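User: Let's go through this structure term by term. Please set each value against its cut-off, then tell me what you conclude.

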Amino acid sequence: MIYEVSNLAIVIFLFIVAFVLGLSFYFARKTKSSKSYYAAGGNIHWGVNGIAFAGDYLSAASFLGICGMIAFSGYDGFLYSIGFLAGWVVALFLVAEPLKRLGKYTFADALDAKFNSKSIKLAAAISTLIVSVFYLIPQMVGAGDLVVPLLGLPHWMGVVIVGSIVIFIVATAGMTSTTYVQFIKGGLLVIFSTILTIYVLKNGLTLTPENYHKFAEIEAVVTNDTVVTIPDSTYHVEATVVTGKMVFVKLNTQEFSPWFKVNTHDDRTTLEEVLSTTVTADGEKLFNGAPQSAGKFFQVGHLSKIIVDGKEVDKTGPVGPFEFIKTLENSEVVRFAKKSFESEGDAITVWYQNPTSGKSVMEPGLKYKLSKASGATIWDKLNFLSLMLALFLGTSALPHILIRYYTVPNQRAARKSTIVAIAAIGFFYMLTLFMGLGAMINGVIDVESSNMSGPLLAKVFGVSLFAIISAIAFATVLGTVSGLIIASSGAIAHDFIDNYLQVKMTDKGKVKAGKFAAFSVGIFAILLGILFKGMNVSFLVGLAFAVAASANLPAILFLLFWKKTTAKGIAWSVIVGIVSSIGIILFAPSMWERYGLIAKNAPVPFDNPGIISIPLAVITLIVISLLTQKDNSTKDFDRN
Amino acid sequence: MLHEPAIPVEKDHAIAKKTKLGVILFFVYTFIYAGFVVIGLTDPELMGLEVIGGQNLAIVYGFGLILLAIIMGFIYNYFCTRFEDKMNNNSTT
């Protein structure tokens, strides 16, 4: 996709980046001890910490990913909003206060508080690192997606910019800076998402979004399914491809060679213009048969029918939130379905119009098949169950969220900041439905990447709003990546080098080691962000949740609530959780597709591993703990 | 190796009561969340059923789960604060 770059967007973007860096410098001068670097000195106000929690949590996955998934798959994207928030219930009711009582700087400290076991230190450090890296991938992918329309730069450059800035932020300031950056960003994200939602509702529903490309439809004659002739002599058929029950033809129009889909009606046949990308044998990429600079590739997504009180209308005018949902449910949305095939040595991907009833959009099933009518298999149902389980249990097992409990002065503050976070995050997640659906019907979707749907929706309502929203989204990524890199550097420098290897270091040395670790993880994250380009960031975060829920949550909950838990039980449970969840992900259909193989042939028939890996980790913990009771020489941990 | 918390933790006599309340509320929410998942798995068509104000079950249940989490958070905090004030003789901050 080629986007028009806005100077205002660039100015606002640079202003925010400069502001963030300035803030980092300011707090860097105050960061002298390891306590300050990893836990902001434990002195952050609960209100600030609560919004910073929201800032940490409302990562690229929430704003970019969920809005994008709703724009592409309707209600199924909203499942992520529901699950991501429900996870906070586990955090608040079961984990927040006990963890605050146990920990020092990191999740591993908390897990090891009762046992002082080397195996727990190692397992928890590995787990923190792996979960954080898994969570880093979607943030970096989101960063790359953002800079394409924002600054007109290629995806990889966005990843490198974010990586470099974050390494700089983390290497200079640590948790105090990250907390205030997250606080400001979390607050701005909620405020401007509310403004965007108001715009969507004020705009209402319309059949003709502004500046929308009108897709051509040409009369044609088809014989024997494959040979196509066109009465209009300005078009010439260059190639015909039959794939499944569909026929696509490549036409020559003097200027360029776009692809069309053959639609056979009762009495006539038409060719409908589709969006396409072509990768030629020599590696050149064409958009709708023309070079990218020709601007022939369009943003899409519109309504084909609007029904109000049983009557068809062209537009509704301003609507309330519930009227918006109800009207959309009664209307018809044109989504774009994807198909890939080969033609004369070229790799072709087409996106064709797929009219979908509003009713289907407003209930689960477009992404996660559940009903018999949609052909759902037992694996589809397990995939859905697995996703909902991982989202519910993953939040309270994310190391970069857990470390935020240590930045407040006491248990009451930990609890209160969690509630502030739930309220802010819950409100934001309700807005995601309107932003996602707004993107779905206002002709803003970039079919190559769902992640930009939210910011591109803002562009419909003015470049200023787009610029501000994009800059906030960019700061979102900066803040989340900072938090993740601090958690990762804590795992390496504090948990592994200091606690596990017991390398003697001065307090200054510990901070130095943390900064070096942050630099290394940052470089690794940049590489992964480039590799995973194009994947929906919510989907990727869902996988990170599954790894966290499998590796960390059984260990945390059993430590807190089961007295027979042993050190070996915890360590093995963490390891089994990591290995099984990552093992399943690596052999799942989505990764198979990433390797360039056929998704259907993947050895594991579903993407989300939680349904297998979480119970496996729990069983391991119980069995190993029961087998090693004689090792359990510890007393009940001090609950005070 | 140091194993004390980063910040000195004040004595809290309300831990047992707060833990019990947390576990109860957790199970209440889990039950309602599980209901949403079970409907999705066993009778997905039910999600499209209009239930209130022209909104289908998927919307009402989904928004309801988000709102419920917020409301239960406030309830939990209210009771925990009362337990702490009562059992710690208003000594905690």
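User: What makes a set of residues a nonpolar core, and which residues have the most contacts inside the largest one?

Analyst: Happy to start there! A nonpolar core is a set of buried Ala, Val, Leu, Ile, Met, Phe, Trp, Tyr and Cys residues joined through side-chain atoms within 4.5 Å. The largest such core has 196 residues, and those with the most contacts inside it are W88(A), L111(A), F324(A) and Y429(A). Its largest share, 18 residues, comes from helix α5 (residues 75-102) of chain A. Apart from it lies another core of eleven residues, including A239(A), V274(A), I348(A) and Y352(A). As a general background, nonpolar side chains in soluble globular proteins tend to be buried together.

User: What should I keep in mind about the values and the numbering?

Analyst: The model is predicted, so local features need pLDDT of at least 70 and side-chain atom pairs count only at pLDDT 80 or more, while totals for chains, interfaces and linings use all residues. Residues are numbered from 1 along each chain as its sequence is written, chains are lettered from A and ligands numbered from 1 in the order in which they are written, and side-chain values use heavy atoms, without hydrogens and water.

User: Which residues does L111(A) touch, leaving out those up to four places away in sequence?

Analyst: They are I120(A), A124(A), A555(A), I556(A), L559(A), I570(A) and V574(A). Touching, or contact, means heavy atoms within 4.5 Å.

User: Why is S386(A) called buried?

Analyst: Buried means under 20% relative accessible area, exposed over 50%, and partly exposed in between (1.4 Å probe, protein chains only). S386(A) has 0%, so it is buried. This serine sits in helix α12 (residues 378-394) of chain A; helices (H or I, at least four residues) and strands (E, at least two) are DSSP runs, numbered from the N terminus. Beyond four places in sequence, S386(A) is in contact with N608(A), P609(A), G610(A) and I611(A).

User: How do you know that S386(A) and N608(A) have polar atoms close together?

Analyst: A polar atom of the S386(A) side chain lies 2.6 Å from the backbone oxygen of N608(A). A polar contact is a pair of N or O atoms within 3.5 Å; within protein, one must be able to donate a hydrogen and the other to accept it, and residues adjacent in sequence count only if both atoms are side-chain atoms.

User: Is F256(A) buried or exposed?

Analyst: F256(A) has 18% relative accessibility, so it counts as buried. Its place is in the loop between β4 (246-252) and β5 (259-264) of chain A. Among the residues it touches beyond four places in sequence are N288(A), G289(A) and K296(A).

User: Why do R268(A) and E219(A) count as a salt bridge?

Analyst: A salt bridge is a side-chain nitrogen of Lys or Arg within 4 Å of a carboxyl oxygen of Asp or Glu. The closest N and O atoms of R268(A) and E219(A) are 2.4 Å apart, and the pair forms a salt bridge. R268(A) lies in the loop between β5 and β6 (269-273) and E219(A) in strand β1 (residues 217-223), so the pair ties together parts that are 49 residues apart in sequence. R268(A) is partly exposed at 36%, and E219(A) is partly exposed at 41%.

User: How many residues of chain B are in contact with chain A, and what area is buried between them?

Analyst: In all, 53 residues of chain B are in contact with 62 residues of chain A. The buried area is about 5,100 Å², with carbon and sulfur atoms giving 66%; buried area is the accessible area (1.4 Å probe) that two parts lose on being put together, summed over both. The rule finds three salt bridges across this interface. One salt bridge joins the side chains of D85(B) and R412(A) at 2.8 Å, N to O. R412(A), R415(A), K18(B), E84(B) and D85(B) are linked in a network of salt bridges.
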